[in-house]
Amino acid sequence: MSRILKTGLLLALVFGVVWLAVIIWWQESHTLPTGTDIALYLFALPLALIAAGWAGGRIVRARREAKAAPAPAEPAGEEEAAPAEDLARVVVLASTARAALGSDPAAIHAALSKHQRPALDTSLKNAQGFPVFTSRAEYLDTAALREAASAEPGADGALPDDCLRAAALLSEVVETLSQEARARVLDKDEPRRDEDWPQLQLELLLPAEWPQRARMHAQDRARDAAVWVPGRLDVRVHSAPGALASDTLLRQLAQEPLNETSATLRLVAAADSYIDAGLVQDWDAEGRLVSTANPQGRVPGEAAAGLLLDLALSAPDAAQPDEPPANALALTLSPTARRAIEADARGAIGEPMLAELTTLLLERQKQRPDDIRAVVSDADHRGSRPLETAGLASAVFPALDPNQDCLSVGSACGYTGAASHLLTLAIAGETCAQTDAPVLAVMTQDPALRTLALVSRPCRPSA
């Protein structure tokens, strides 16, 4: 009872101090507050201060516990260690991303480094009529996208806003990466005929809950956006039932046997959006939307991201007469581990399995912890996710600055669903390119499953 009383008094104190300061400021500046001003300064501001204080306290405690805890023990035997074949490796020729923070990985990385956070959305409101926090790509015009979609042959004009926005972001990613692929082909030797162009295969990941007409719209927009010879372009659409769908697809592509007819150039892209009034109302009704009463709810976001892969360079047993391009990256996916308690469960805390998984991955890749220059996670503000990443950094990478070297994509980009995995990999790739050193990507969006990706420069074949 005393703890509840103390917490209530602390909350009342924060609200009281903020309200007093804001009211005095309005009086001194002769400001007539609007409804938005009242919601922003009298409710959102104290809530943000309380959430920041709570998260800061949790992170500080997690770092102290991690420093006090013994180092992760080595696996006792072969049964406890994940088999080596669970590692998957692909060579990334190029990557890109679109999100609220920017239209390319460099812009998103810069915004993350400045610790930008989602803002109040004046267009989307909860059941009480207050604006909600979102991470919206402001340059997208939903009305214009709807008008363009309605003009398509056979369109019924009934596509949800989130599907329209995600499809637009996806088409931009496909256009950028197909241009990269085209430039690489032309740098070698311009094909004389259309038949001489290599095959480019689009691997598109779309949310499983989308209606079929939305999937067809996104597929058509992606195909039209690809800068490639039409006869040498294939499109394959995959259903993304969760945040790690693209991780599963990358593992499949890394193990896919190649033959003379296989397309070695693969453009893997995913998109998702939750900037939709209907979705916000559903989340609010189901208790999944972030609010004063539900600080652990989701922040609606949207994003698209993609990787351009060369499967011929990725295959471990394939002949590689050519060196990987100078700016190529190697992506090594760790085994997948499962939390003992799901991250969304009440009382969930950071678990040591992430540190153990990291140690195992680094050992197999012959990397030392001091070689890793940054940690990029998909973590947001919810539950144990930020604590997991903070605990991992403290236990395995104590030399890293938690404010500058540990980036949390979800904390700024909001909940991006099916796009979160590739978005995190794209930002990790940008970080690797900027630091010219290996970077660890940590995936925590799934409630139970955890996986890592080591992003580094590919090894050059010996002469």
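A residue is called buried when its relative accessible area is under 20%. Keep that in mind as you look around this predicted model.

Figure 1. Of the 463 residues in the protein, 48% are buried. The protein exposes about 22300 Å², and carbon and sulfur atoms supply 54% of that surface. Now think about contacts between residues with a separation of 6 or more: 78% of them join residues 24 or more positions apart.

**Figure 2. The buried side of helix 3, residues 105-113.** Here you can pick out the buried residues Pro 105, Ile 108, His 109, Ala 111 and Leu 112. They sit on the same side of helix 3, because they cover an arc of only 165° around the axis.

Figure 3. Look at the start of helix 3 to find Asp 104, which has a side-chain oxygen within 3.0 Å of the backbone nitrogen of Ala 106. Past the other end, helix 3 is followed by His 115, a residue with a positive phi, near 60°.

**Figure 4. Helix 3 crossing helix 13.** The axes of these two helices come within 9 Å and cross at roughly 85°. Helix 3 is therefore roughly perpendicular to helix 13. On the helix 3 side, the contact is made by Pro 105, Ala 106, Ile 108, His 109 and Leu 112. Their partners in helix 13 are Leu 423, Ala 426, Ile 427, Glu 430, Thr 431 and Gln 434.

**Figure 5. Helix 4 (residues 142-150) crossing helix 5 (residues 161-188).** In this view, the two axes come within 10 Å and cross at roughly 85°, so helix 4 and helix 5 are roughly perpendicular to each other. To find the meeting place, look for Thr 142, Leu 145, Arg 146 and Ala 149 in helix 4. They meet Asp 161, Leu 164, Arg 165 and Ala 168 in helix 5.

Figure 6. Is Gln 201 buried or exposed? Gln 201 counts as buried because its relative accessibility is 12%, and the cut-off for buried is under 20%. Leaving aside neighbours within four places in sequence, Gln 201 is in contact with Asp 234, Arg 236, Ala 263, Leu 265, Arg 266 and Leu 267.

Key
Residues numbered from 1 in each chain as written. Predicted model: local features only at pLDDT ≥ 70, side-chain atom pairs only at ≥ 80, totals over all residues. Heavy atoms only, no water. Buried < 20%, exposed > 50% of the residue type's maximum accessible area, 1.4 Å probe, protein only. Helix = DSSP H or I, 4+ residues; strand = E, 2+ residues; numbered from the N terminus. Arc of directions from axis to C-beta. Polar contact = N/O pair within 3.5 Å; in protein donor to acceptor, adjacent residues only side chain to side chain. Contact = heavy atoms within 4.5 Å. Areas by Shrake-Rupley, 256 points an atom, 1.4 Å probe, with all protein chains shown as cover. Axes fitted to C-alpha atoms, helices over the stretch in contact; angles between N-to-C directions. Parallel < 35°, antiparallel > 145°, perpendicular 65-115°, else oblique.
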